[in-house]
Amino acid sequence: MPVEEFVAGWISGAVGLVLGHPFDTIKVRLQTQNTYQGIVDCILKTYRHESVLGFFKGMSFPIASVALVNSVLFGVYSNTLLALTATSHQERRAQPPSYTNIFIAGCTGGLLQAYCLAPFDLIKVRLQNQTEPRMQIGSSEPRYRGPVHCAASILREEGPQGLFRGSWALVLRDTPTLGMYFVTYEGLCRQYTPEGQNPSSATVLVAGGFAGIASWITATPFDVIKSRMQMDGLKGRKYRGMLDCMASSFQQEGIGVFFKGMTLNSARAFPVNAATFLSYEYLLSLWR
């Protein structure tokens, strides 16, 4: 099993994470809290109350963990294609796999990524939703002192199943959308690359960016439900399950609730996924 795809996926995931985390923090707060009037209001209140550090809450943990999970996505995707088509990453430009195989490989990578990601993503979301300013005399103490304390508190108060809150919504978010993610990327690369050649850096950037936008537009409804399920249990159980969360959210806030954060998701998706794919392709080219 080739391991370079896993290594390249980890590094490219870290690059994308650093670029996108501030957007992700605002997106998560808009999806799970009703105290903001919109994106600008959330940004201003976060900055005034918590300074610029508020946008980076929960980031140290994802760099070590979520970026590693990204390596699962790219590694499983590439190795699934290898099993389906018997072609390595280097051979796929000359012998391009079918879009069906690309979709299956992307869905497989998305499914396994979601399974590995669930506990890490829940801890990230809980930390991002802490609005207390850090290191100020007289300010209220945040519930969680860091990722390790957060994990330990969840295990103690909610049990092991607490770390997997929202995991079904995460699976439904990632499995089909990541299949579409890779299909969009490969399709755009083929469209603007001469047959048998490798795509240029500009093509990779554009294809990666639009692949990110396409996948996040599809993923946002389940992303909202996932985030709300992850915050459920913090102050008592509000939802009886994923379907109850969907029904309650719709009854209270209307159809628009399922698209909260879509603008930010789309704005973040282009630069993050453009950088992710560019660094991934560049790193793999170094090992050829």
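This is a conversation about a predicted model of a protein and the reasons behind the words used for its parts.

Trainee: What makes up the secondary structure of the protein?

Mentor: The predicted model has 10 helices and zero strands. Read along the sequence, the pattern is α-α-α-α-α-α-α-α-α-α.

Trainee: How do you know whether the radius of gyration agrees with that of a compact globule?

Mentor: We set one value against the other. For 288 residues, the rule for a compact globule gives a radius of gyration near 19 Å, and the protein has 19 Å, so the two agree. Along the principal axes, the C-alpha atoms fill a box of roughly 60 × 35 × 35 Å. Of the 288 residues, 54% count as buried. The accessible surface comes to about 13,500 Å², and 65% of that belongs to carbon and sulfur atoms.

Trainee: What share of the contacts joins residues at least 24 apart?

Mentor: Among contacts between residues at least 6 apart in sequence, the share is 78%.

Trainee: Why are α5 and α6 called roughly perpendicular?

Mentor: Their axes come within 10 Å and cross at roughly 105°. Angles from 65 to 115 degrees count as roughly perpendicular, and therefore α5 and α6 get that name.

Trainee: Which residues make that contact?

Mentor: Helix α5 brings L122, I123, R126 and L127, while α6 brings P147, C150, A151, I154 and E158. By class, this contact has seven nonpolar, no polar and two charged residues.

Trainee: Staying with α5, why is G110 called buried or exposed?

Mentor: G110 lies in helix α5. The cut-off for buried is under 20% relative accessible area; G110 has 0% relative accessibility, so G110 counts as buried. Leaving aside neighbours within four places in sequence, G110 is in contact with L73, D174, T175 and L178.

Trainee: How do you know whether I225 is buried or exposed?

Mentor: We use that cut-off of under 20% again. I225 has a relative accessible area of 1%, so I225 is buried. Its place is in helix α8, residues 201-231. Beyond neighbours within four places in sequence, the contacts of I225 are A169, M242, C245, M246, S249 and F258. I225 and L243 are 18 residues apart in sequence and 9.2 Å apart in space, C-alpha to C-alpha.

Trainee: And what about N265: buried or exposed, and why?

Mentor: N265 sits in helix α10, residues 262-286. With 0% relative accessibility, N265 falls under 20% and therefore counts as buried. Not counting residues up to four places away in sequence, N265 touches K27, Q31, W216, T220 and D223.

Trainee: What makes A86 exposed?

Mentor: Exposed means over 50%, and A86 has a relative accessible area of 61%, so A86 is exposed. A86 is found in the loop between α4 (66-85) and α5.

Notes: Residues numbered from 1 in each chain as written. Predicted model: local features only at pLDDT ≥ 70, side-chain atom pairs only at ≥ 80, totals over all residues. Heavy atoms only, no water. Axes fitted to C-alpha atoms, helices over the stretch in contact; angles between N-to-C directions. Helix = DSSP H or I, 4+ residues; strand = E, 2+ residues; numbered from the N terminus. Parallel < 35°, antiparallel > 145°, perpendicular 65-115°, else oblique. Contact = heavy atoms within 4.5 Å. Nonpolar A, V, L, I, M, F, W, Y, C, P; charged D, E, K, R; others polar. Buried < 20%, exposed > 50% of the residue type's maximum accessible area, 1.4 Å probe, protein only. Rg over C-alpha atoms; globule rule 2.2 N^0.38 Å. Areas by Shrake-Rupley, 256 points an atom, 1.4 Å probe, with all protein chains shown as cover.
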